[in-house]
Structures are given as structure tokens and as C-alpha cells.
Amino acid sequence: MLQSFLEVLLLPVVQSMIWILVVAVSVILSVAFAVYWERKLIGWMQLRKGPNRVGSIFGFWPGVFQAFADVLKLLIKEVIVPARANKVLFGIAPIIALVPALATWAVVPLSPDLVISDIDAGLLYVLALTSMGVYGVIIAGWAANSKYAFLGAMRSAAQIVAYEIAMGFALVGVLMAAGSLNLGEIVRAQQGGALAWNWFWLLPLTIVYIISGVAETNRAPFDVAEGESEIVAGFHVEYSGIAFALFFLAEYANMLLISALTAVFFFGGWLSPFDGYLSPDNILAKPGFPWLGLKISLFMFLYFWLRATFPRYRYDQIMRLGWKVLIPVTLVWIAVEGVMAWFGVGPWRA
Amino acid sequence: MFVMILFYAFSAVLIAAALAVITTRNPVYSALCLVLAFFTSAAIWLLIEVEFLALVLVLVYVGAVMVLFLFVVMMLDVEVEQARGGFTRYAWLGWLTALVVILELVGVYASHRFGADAGAVPAPTPEGYSNTHELGTLLYTDYVYAFELAAVLLLVAIVAAIALTMRKRAGLKVQDIAKQVAVRREDRVRLVKMDAEKRG
């Protein structure tokens with residue numbers, strides 16, 4: 001009895017737990033370095049040095065442990081709950097914001113044979129979970145009992161709901177091209193070098209996806225939900241200490257996730273760009289995690305670059321871009337894709 | 001057995017959440033409990049291997065419909081005391097609805113088509129079976145007309161909703177983006193060149 005209990009119940013649970021822990025810890029560590037990298041990059045772009053005080057590795061990368069120092073500082077700071085705030089919801093909002101950002105990693109194929117859960121409806125799972133992220137923002141904004149926070153939450157929710165549609169439609173094009181909802185299959189369908197990846201034939205959808213990805217994560221130039229100049233810090237204005245750190249973590253985990261998904265959907269995931277151009281024995285032509293990591297880093301760089309370059313969008317322009325530009329573009333390109341598939345142009349399955 | 005434990009755990013959460021929807025005083029809590037109820041029912045659907053329906057339930061109801069619900073509920077700022085006032089007055093309506101639902105459920109379970117002894121537990125689907133694939137095949141072949149009709153109906157509903165709510169008010173300040181983009185420097189900036197003057 002005990003034996004079967006251990007085998008049937010405990011083993012799968014413990015196994016899943018370990019995987020979840022591995023992925024969560026790697027994502028959190030990546031976030032720590034992404035923050036350092038962002039501050040450094042934006043520093044260079046603005047002719048500053050960026051963080052250069054906390055630690056270095058053999059004299060290189062001054063300030064590399066800045067993010068860890070910041071986390072430590074936030075950990076020991078007091079968490080202030082505003083008077084007349086809804087304490088329960090105020091407490092769980094950061095958790096609700098973080099969970100979908102971590103849980104979605106379960107279906108992201110990291111290398112040809114490494115994916116935590118290889119489910120058939122992976123793309124739907126991604127859409128379903130990313131659509132949950134908005135709850136953390138809304139609940140935080142409402143529970144804080146502050147006008148600034150509530151305004152930020154409203155802005156963010158309207159923005160996320162609007163751009164989710166464009167994002168979903170862009171992914172319809174991807175699943176038409178791959179003929180599958182499984183993320184691993186989507187990557188495998190793009191085999192054959194950089195020009196066989198989806199971005200080439202789905203260029204408008206790729207651009208729409210990247211733009212809506214930036215908008216979905218509430219990053220500059222779409223960060224009206226935080227808009228310091230108008231609403232102080234938006235939905236997390238009342239949060240302090242570790243509760244704020246969780247929101248911060250959720251934002252960066254979401255950026256990493258969107259970067260990974262862009263790579264998987266449009267840029268061949270773990271496939272090598274030289275596949276088919278070099279001989280298969282060449283190490284540069286082999287698929288694997290390093291390619292995915294490189295692509296994720298590139299898209300993260302794009303995020304930081306955008307932030308250092310563009311001023312914040314005006315709110316009505318954000319709405320106009322989402323509803324009147326991006327959604328029609330995706331609809332037209334899905335129709336174009338249908339015609340191309342009908343006439344056998346491009347790498348479409350019959 | 002693992003699945004059974006999961007099923008009972010999810011069912012307990014689902015029933016508790018559904019009860020909380022109608023018993024909590026705070027409408028925001030009600031809406032959030034409804035979200036939880038949708039989410040757990042999606043989890044239960046996953047247990048019977050209908051992943052497409054489960055994920056679409058989360059995507060549509062949790063991700064879109066309930067967000068808008070929550071929007072409205074938060075904006076309305078319903079008075080909690082006022083909401084309590086109508087409880088006894090409308091209680092009979094609630095009981096009546098509950099009675100009808102119970103009768104319907106009894107009817108379903110008593111019928112020999114859907115009853116408890118109508119059929120064995122459905123066998124688990126073989127490996128490689130894709131619920132999404134099967135649904136797509138059926139929808140676009142056997143039921144294509146019904147599917148298209150539903151799509152047209154939704155489109156009509158969207159157009160009608162926009163037509164009903166769009167009002168043109170006089171004196172509204174509207175920005176024409178095309179005009180804003182088309183503005184040239186000469187339209188806005190005038191450089192005035194003048195000689196330096198002696199201070200008088």
C-alpha cells in the first residue's frame with residue numbers, strides 16, 4: 001500500500017516539483033542578470049557608466065551583483081499596507097502577477113529534447129496563461145485603494161486586452177504555417193536555416209507580435225501603466241519591499257518569456273540559422289539550447305534598446321495602434337497566407 | 001488514483017468557489033471567485049482529456065470576459081449595505097431558479113441516455129490522440145455550415161453592439177492622426193530674423 005502510494009502519488013509530484021524549481025530558479029537568476037545588463041546598456045547608450053559598485057568577476061563587469069544587492073535591500077525593507085486597502089487582495093496580487101509568468105515556461109521547448117511538458121495544445125496554453133497575467137495588475141490597482149494605482153490598473157488592463165487580440169491573431173498565422181499547436185512541432189516545422197524560419201514568410205505577423213509583446217509586458221514605449229510623469233508609478237505605487245520586488249520580477253520574467261516565445265514562434269527556437277548552409281557535422285549547424293539562449297538575449301536587447309530610444313506613447317495612440325493598425329494587419333496577412341498556402345507558395349503544408 | 005485525488009480536490013475548490021460567488025457581500029470578491037470557479041472547472045476538464053475546451057475556457061472566460069466584468073464591478077463601486085438590502089426580497093427568485101436547475105439535473109440523470117448507468121466510464125484516449133485536431137476536423141467538415149452561421153451571428157452581434165453604443169456628440173474634440181502626421185515644419189514654425197537693437 002505504502003509502496004504504491006509512494007510510486008503513484010509522490011513520485012510524479014516530486015518530479016514535477018523539481019522541474020518547476022529548476023525552471024523557476026533559472027528564470028529568476030536570468031532576471032537578476034537581465035536587470036544588470038539593462039542598466040549597463042542604457043547607461044552606455046546615455047554615455048554613463050551604469051551600476052559599477054557592487055562586485056565584479058576577476059575585475060571584469062563591475063557592478064555585476066547590483067541586482068542581488070537590490071533584492072537583499074528590498075527583502076529587509078518594510079512592506080507597508082496602506083490604510084483602508086483590501087489586505088487579502090493586496091497581499092495576493094503580486095503572487096497572481098508572478099505565477100503565470102513562471103508557469104508558461106512549462107511548455108517552452110528549450111532544446112530538441114528538453115521541454116518540461118510536451119503538450120499538444122501548447123500554443124493555447126501559452127495564450128491562456130499569458131491572458132491571466134492581467135489579473136495581478138487589476139487586483140493590485142484596486143486593492144491598494146489609491147487613485148493613481150487604480151488609474152494605472154485600468155490603463156494596463158485595457159492595453160493588455162487590446163494587444164492580446166493582435167497577438168492571438170499573429171499566432172494564428174504561426175499555427176497555419178506549422179499545422180500544429182505543439183511548440184516543439186512549431187520549431188521543427190521551421191527547419192532549414194534562417195530563411196526557412198517563420199519570420200521570412202510571416203514578416204508582418206512577426207513585427208505585430210514583437211510590438212504587441214512589448215505592449216503586453218507594459219514596457220517602454222508602451223509603459224503608460226506606470227507613467228511616472230502622470231500617475232507616479234501606476235498599479236504598484238503603494239507597494240514596497242519584497243511585494244514590489246515580486247512585481248518587478250514578474251515584469252522581467254514576462255519579458256524573458258515573450259523573448260523566448262518570439263524566438264520559438266518566428267525565429268526557429270533552438271534551430272541553428274546556418275542549418276542547411278553548412279555541413280551537418282559543423283558545430284554551428286547543430287540545433288541546441290545555445291541558439292535559443294542567443295535569440296532570447298537578442299530580443300531582450302531589443303527591449304532595452306527600445307526603452308533607451310523611444311519616448312512614451314500617448315494613450316489614445318496606443319489604443320489606435322492596437323485596434324486600428326495591428327489587428328487589421330494580422331487579419332490581412334492571415335488571408336494572404338491562406339492564398340499562399342492554396343497556391344503552394346512558400347513552405348506550406350498541403 | 002492520482003487523478004481521482006486531483007478530481008476531488010478540484011471539485012471541492014470548485015464548489016467552494018461557486019458558493020462564495022453568491023454568498024460574499026463584496027462584488028469584487030464575487031467576480032474573483034467566479035474566476036476561480038472557471039479556472040478549476042478548466043482543470044477538471046483537463047482531467048478528462050479535453051484540453052482544447054479547457055484552455056479555451058481559461059482563454060475566453062478568465063482571460064477576457066471576467067476581466068471586463070471586473071472592470072465594471074470595480075468602476076461601479078457598489079454600496080455593500082445596499083447590496084445586502086435586496087437579499088430577502090429577491091430570495092424567492094433565487095430559490096425558484098435553484099429548483100428549476102435541480103429539476104433539470106434530475107431529469108438528465110433519470111433519463112436512460114445520460115443517466116448514471118447509461119454507459120461505462122469513457123476509456124482514456126490513446127497516446128497521440130489530439131482533442132484539438134479532432135475538433136478542428138469535425139468543425140470544418142461535418143459542421144461547417146453551423147460553424148459559419150455561428151461566426152456570422154457573432155459578427156452581427158459585434159456590429160450591432162458598436163452601432164448601438166456609438167453616439168456622435170456635437171463639440172467633441174477628435175484628433176485626426178493623419179493630419180497630425182502630415183504636419184510640416186513650415187506649418188508650425190516661423191523663424192523671425194531681426195537685427196540686434198541697441199538698448200534704449
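Modeller: The second largest pocket has a volume of about 1,900 Å³. A pocket here is an open set of points on a 1 Å grid over the protein atoms alone, with protein on both sides within 12 Å along at least five of seven lines. Volume is the space filled by probe spheres set on the points, which are joined across faces, edges and corners. The model is predicted: local features need pLDDT of at least 70, side-chain atom pairs count only at pLDDT 80 or more, and totals for chains, interfaces and linings use all residues. Residues are numbered from 1 along each chain as its sequence is written, chains are lettered from A and ligands numbered from 1 in the order written, and side-chain values use heavy atoms, without hydrogens and water.

The lining of this pocket counts 41 residues, each with an atom within 4 Å of a point. Nearest the centre lie Leu124(A), Val172(A), Leu175(A), Phe52(B) and Tyr140(B). Chain A gives two or more lining residues from each of α4 (122-130), α6 (147-178) and α13 (315-343). Helices are DSSP runs (H or I, at least four residues), numbered from the N terminus. α6(A) gives the most, with nine residues.

By class, the lining has 26 nonpolar, 11 polar and four charged residues. Nonpolar means Ala, Val, Leu, Ile, Met, Phe, Trp, Tyr, Cys and Pro; charged means Asp, Glu, Lys and Arg; the others, Gly among them, are polar. Domain 1 (1-78) and domain 3 (128-166) of chain B both give residues to the lining, so the pocket lies between them. The domain bounds come from an automatic or database domain assignment.

A search of the whole structure finds six cavities of 30 Å³ or more. A cavity is a set of points where a 1.4 Å probe fits but cannot get out. The largest cavity holds about 270 Å³. Its lining has 16 residues, and Val137(A), Glu216(A), Thr217(A), Asn218(A) and Asn254(A) are the closest to its centre. In chain A, α5 (133-143), α6 and α11 (241-266) each supply at least two lining residues. α11(A) has the largest share, five residues. The classes here are nine nonpolar, five polar and two charged.
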